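Reader: I am new to reading structures. Could you walk me through some of the terms with examples?

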Amino acid sequence: MGKALLIKLKDSLISVLPITAIVLIISFTPLAPLSQTEQITFAVCAVFLILGIGLFNLGADLAMTPMGEHVGTGLTKSKKVIILISVCFVMGVLITVAEPDLSVLAKQVSDVMNNTALIATVGVGVGIFLVLAVLKIVFHKNLSMLLMFFYMLLFAVSALLIESGKKPFLPLSFDSGGVTTGPITVPFIMALGFGIATTVGGRNANENSFGLIALCSIGPIIAVMVLSMFSNGDMNPDKIIETYKTVEESIGHLGYTVLNTVKNIALALGLIVVFFFILQFTVLKLPRQKLAQIGIGIVYTFFGLVIFLVAVEVGFMPIGYKLGTEIADFSKPVLAVFGFIIGLVVVLAEPAVHVLNKQVEEVTGGGVKKIEMMLALSVAVGVSICLSIIRMIFHFSLLYYLIPGYLISLGLSFFVPRMYTAIAFDSGGVASGPLTSSFILPLIIGACVSISGTGNILTEAFGVVAMVAMTPLITIQALGFKAVMSTKVRGKIAMKRILSADDEQIIYFK
């Protein structure tokens, strides 16, 4: 166990080091000078971030992934579709309620939306779409056609939201699809899909194991749009600014932050564990040794998430906000370049990305390597943040990006292997994790306050998480398109060699 933890810590060190180095180097320049207290706090939080990611990744391997696989396999073997659907719906709701990022979102809109109503509605949305995703696996339905239908429905609801006079809520609604597929959701749901797909079997079992995150990302967007239509008033941007403290204020509230995070994570994991053990005694009947391993993994997951989220809230969130304001004051073009560079490295530190990359490499038998996935995701996130900053500088609608972006993504799905499409749409939800919402979003909000003031936060700053969720759909499918074209080129070259072979070299047997 100790050796496995050291490997995870080494991986997390490699992941967190680039973003830490970039921020600390920038802090010594006129671009965004930070005080000594801010530099030390950020560096200490980065160390804790490394520890948190390492513990979480080990916990995911020992607990969250096996739990999802056993639930998927056990329920599918029972051959009772009603029970499978019911359990998946409940698990979808519970896991969504458990996501820390959703609580952050609910807090920011609490002045016009009831927190409990928002979380419950989004949870139901994820539960419904998780059921649809499971039915897709069971009945071997085409993911591309389902995505085409539901994204058409999504943009239809977007038009209704704009017509109802709630256009400022549009970017926030799209952001909600990214924040609800976070570090707790991803390992469990991906493993659930893998367990169901391998049990159901079929020619495309590996392909069918992906796509659950893709569909579950759509539910929250529609849910928040519907809620926005019936909200009582307009959001107050000043309420959002109040959630971003200085480093000194964050340190002063450290005790409260730790206790609140412990409470939220304990509730989150507690709901999942209780429901899992109900299934254990009724359906699964796993051996004690396996349960002991899962129990140890849950402990690692708990401490990993607490350490990670506290480090992000205390150090990364206030520093991200300050970097945004300082660099925007210095130069807007530099801000766009910085956004691209920071996007390249920030995805490396997202915990759930490592879970996805590992499962992709395992399921594809090395056909899609972790390094290829990470490169595609890094470029995608870098481009998305750069484009978000350009949108903020020139003040145009988020839909100018999302509509053509999703049209390109869905169009590519007809030309690349289905495996790549499923992986790409899953990657979109995974890339937009807690570090994106707690470092990149504050950075963009800080820049927006500097460039346009607080009045445009809702329309221009929000939407960056949606962009981070969209661009991987294009880059990873482009990776698949490249693989298809390379195969065709190799085939043509081989055929050309055969046809141009010297007849004298052919041996005829008489």
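**Rings and burial**

Author: Phe42 is buried, and so is Phe316. This is a predicted model: local features need pLDDT of at least 70, side-chain atom pairs count only at pLDDT 80 or more, and totals for chains, interfaces and linings use all residues. Residues are numbered from 1 along each chain as its sequence is written, and side-chain values use heavy atoms, with hydrogens and water left out.

Reader: Why is Ser176 called buried?

Author: Buried means under 20% relative accessible area, exposed over 50%, partly exposed in between (1.4 Å probe, protein chains only). Ser176 has 0% relative accessibility, so Ser176 counts as buried.

Reader: What makes the pair of Phe129 and Phe150 edge-to-face?

Author: Rings of Phe, Tyr and Trp (its six-membered ring) pair if their centres lie within 6.5 Å; planes under 30 degrees apart count as stacked, over 60 as edge-to-face and the rest as tilted. Here the centres are 5.0 Å apart and the planes stand at 65°, so the pair is edge-to-face. Phe129 is buried because its relative accessibility is 8%. Phe150 is buried too, at 10%.

Reader: Why is the pair of Phe42 and Phe316 called tilted?

Author: The ring centres of Phe42 and Phe316 are 4.5 Å apart, and their planes are at 35°, so this pair is tilted.

Reader: How many aromatic pairs does the structure hold?

Author: It holds 12 aromatic pairs. Tyr151, Phe155, Phe174, Tyr406 and Phe425 form one aromatic cluster.
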